[in-house]
Amino acid sequence: MAIMVVTSVIRWPHQKRNKNNQIANDQKSSLEKSLLFAVSLGMMLLPLLYIFSPILVFADYSLPIWAQAMGILLSIPSLWLFYRSHKDLGQNWSVSLEVREGHTLVTAGIYKYVRHPMYTAIWLWVFAQPFLLTNFIAGLSGIITFGLLYFFRVNSEEQMMLKQFGEQYKNYMQQTNRLIPKI
Ligand code: SAH
């Protein structure tokens, strides 16, 4: 619940500010829209259903307390990365695949280290989920739905960025990994 509240508070001002930015190139397909819906189901609706109703208890499992603490440990870098990536992307952020009017390529801040820090943050969140929600459905639904969205989206997003920023994005790709910094 705390993760959901904090991430919504982080995202809200960006969503509000960017709502009026004109979109120059919309790459949102109906598959992407369906996967975004699946992600809200897997990361929000099913966890909320689990927290507020007994309907999913038949799929419960138990974990030692140290494993549940792992969930909290994973959530801390997740929230920090979520905050940093929104701050660094600024006006260029959007929930789906689109290029905005006056879109700039961000390669500084957290984007200096990885190309998709927001996705790193979300991966950490969904890996924390089965430690925090000890239920096969509500715990694993985040990994499954976000995993599908990530593997469907990441190539299309990079193709879109290559089309928009050409050589600049190509160089940026050579300097960075997708999710984990180069050593
Ligand atoms: N994949 C990134 C951003 C997610 S938000 C991350 O995980 O941090 C998705 C939008 O961000 C895309 O529609 C794209 O327009 C924009 N975007 C992705 N990488 C960017 C970058 N390096 N600079 C500017 N905009 C970027």
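1. Let's start with helices α3 and α4. Helix α3 covers residues 65-89 and helix α4 covers residues 117-132; their axes come within 8 Å and cross at roughly 160 degrees. Helices here are DSSP runs of H or I with at least four residues, strands are runs of E with at least two, and both are numbered from the N terminus. The axes are lines fitted to C-alpha atoms, for helices over the stretch in contact, and the angles run from 0 to 180 degrees between N-to-C directions. α3 and α4 are therefore roughly antiparallel to each other (angles over 145 degrees count as roughly antiparallel, under 35 as roughly parallel, 65 to 115 as roughly perpendicular, and the rest as oblique).

2. A word on what you're looking at. This is a predicted model, in which local features need pLDDT of at least 70 and side-chain atom pairs count only at pLDDT 80 or more, while totals for chains, interfaces and linings use all residues. Residues are numbered from 1 along each chain as its sequence is written, and side-chain values use heavy atoms, with hydrogens and water left out.

3. Back to that helix pair. The crossing of α3 and α4 is left-handed (the near helix is turned anticlockwise from the far one by less than a right angle; clockwise would be right-handed). Sorted by class, the contact of α3 with α4 has 18 nonpolar, seven polar and no charged residues. For that sorting, Ala, Val, Leu, Ile, Met, Phe, Trp, Tyr, Cys and Pro count as nonpolar, Asp, Glu, Lys and Arg as charged, and the others, Gly among them, as polar.

4. Now look at F82, which sits in helix α3. F82 has a relative accessible area of 4%, so it counts as buried (buried means under 20% relative accessible area, exposed over 50%, and partly exposed in between, with a 1.4 Å probe and protein chains only). F82 and T120 are 38 residues apart in sequence, and their C-alpha atoms are 8.5 Å apart in space.

5. Next, α4 and α5. The axes of these helices come within 7 Å and cross at roughly 160 degrees. That makes α4 roughly antiparallel to α5. This crossing, α4 past α5, is left-handed.

6. On to the rings: the structure holds 10 aromatic pairs. Rings of Phe, Tyr and Trp (its six-membered ring) pair if their centres lie within 6.5 Å; planes under 30 degrees apart count as stacked, over 60 as edge-to-face, and the rest as tilted. Take Y61 and F136: the ring centres are 4.7 Å apart and the planes are at 55 degrees, so this pair is tilted. Y61 lies in the loop between α2 (30-52) and α3, and F136 in helix α5 (residues 136-165), so the pair ties together parts that are 75 residues apart in sequence.

7. Another pair to find is Y119 with Y150, which is edge-to-face, at 5.9 Å centre to centre and 85 degrees between the planes. Y119 is in helix α4 and Y150 in helix α5, 31 residues apart, so to speak a link between distant parts of the chain. Both Y119 and Y150 are buried. Ring pairs also link Y119, W123, F127, F146, Y150 and F151 into a cluster.

8. What about charges? The structure holds five salt bridges (a side-chain nitrogen of Lys or Arg within 4 Å of a carboxyl oxygen of Asp or Glu). One of them joins the side chains of R84 and D88, at 3.0 Å from N to O. R84 and D88 are four residues apart in helix α3, so about one helical turn separates them. R84 counts as partly exposed, at 25% relative accessibility.

9. E158 is worth a click. R115 forms a salt bridge with E158, the closest N and O atoms being 2.9 Å apart. R115 lies in the loop between β2 (98-100) and α4, and E158 in helix α5, so the pair ties together parts that are 43 residues apart in sequence. R115 counts as buried at 9% relative accessibility, and E158 counts as buried at 3%.

10. E158 also forms a salt bridge with R178, with the closest N and O atoms 2.9 Å apart. R178 is partly exposed, with a relative accessible area of 28%. Salt bridges that share partners join R115, E158 and R178 into one network.
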